[in-house]
Amino acid sequence: MVLLITVESVSQYEHVGEGEAITSSLSALSQVSFDDRDADEILRVAAAAVGTVSPCRLEASYRVVEGAFVHFPSAQPDDPELERRCRESGCDGQVTMDDDRRWGWAFPLRHQSIVNGCLVVSAASEPGKNHILLLTILAQQTGAALAIAAMHDRDRGRAAQLAKNTRDVCNTSA
């Protein structure tokens, strides 16, 4: 996988104006490349980008597997309470964090109206609307990448089944 993201935190731009910080963040976001077909790697790239395009940190990421939300990557520590609050939000919108003074939000990873997972982020205070927009765009890109990865998984499964069927037909004919 090629990761072409400039790993600079938005907080490094505090000495410049908000517009310049957003421009820098947008530039970094435009360089995020999801060249991998592996869901873990796609979510790792998205997680790394959260702090690059906003003052937020990633609390958790989830992927839809057989209709259920599961932690991805699986190395994430389980937090049943955060997961419950995320589900209460419908994995789309405000999420109450353990520390009620912190802002939290679940961004759905959608592609063509299908939710493929979500990113749960937090910040000391609510980010500006431009940072929310950048996080929304990141979530949309991640959702599309996960959809493509799922399509490739289905194609590999179909190709394997087709190869097996072909062998079976050849063996029966012989």
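1. Two strands count as paired if DSSP finds at least two bridges between them. Helices (H or I, at least four residues) and strands (E, at least two) are DSSP runs, numbered from the N terminus. This is a predicted model, in which local features need pLDDT of at least 70 and side-chain atom pairs count only at pLDDT 80 or more, while totals for chains, interfaces and linings use all residues. Residues are numbered from 1 along each chain as its sequence is written, and side-chain values use heavy atoms, with hydrogens and water left out.

2. Five strands form an open sheet with antiparallel pairing, in the order β2-β1-β5-β4-β3. Its edge strands, β2 (68-71) and β3, each pair on one side only. Strands β1 (residues 57-65) and β2 run antiparallel and are joined by four bridges. Tyr-62 has His-71 in β2 as its bridge partner.

3. Helix α3 packs on the sheet and touches β1, β2, β4 and β5; its direction makes about 70° with that of β1. Helix α2 (residues 39-53) lies across β1, β4 (103-111) and β5, and runs at about 155° to β1. Contact here means heavy atoms within 4.5 Å. Axes are lines fitted to C-alpha atoms, for helices over the stretch in contact, and angles run from 0 to 180 degrees between N-to-C directions.

4. A nonpolar core is a set of buried Ala, Val, Leu, Ile, Met, Phe, Trp, Tyr and Cys residues joined through side-chain atoms within 4.5 Å. Buried means under 20% relative accessible area, exposed over 50%, and partly exposed in between (1.4 Å probe, protein chains only). The largest such core has 22 residues, and Val-50, Cys-56, Leu-119, Val-121 and Leu-135 have the most contacts inside it. Two or more residues come from each of α2, β4, β5 and α4 (129-173). Another core, of 11 residues, lies apart from it and includes Ala-60 and Phe-69.

5. Asn-116 is found in strand β5 (residues 114-123) and is buried, with a relative accessible area of 14%. A polar atom of the Asn-116 side chain lies 3.2 Å from the backbone oxygen of Gly-143. Beyond four places in sequence, the residues touched by Asn-116 include Tyr-62, His-111 and Leu-146.

6. Ser-89 lies in the loop between α3 (80-88) and β3 (93-94). Ser-89 is also buried, at 18% relative accessible area. Leaving aside neighbours within four places in sequence, Ser-89 is in contact with Gln-94, Val-95 and Ala-106.

Note on methods: Polar contact = N/O pair within 3.5 Å; in protein donor to acceptor, adjacent residues only side chain to side chain.
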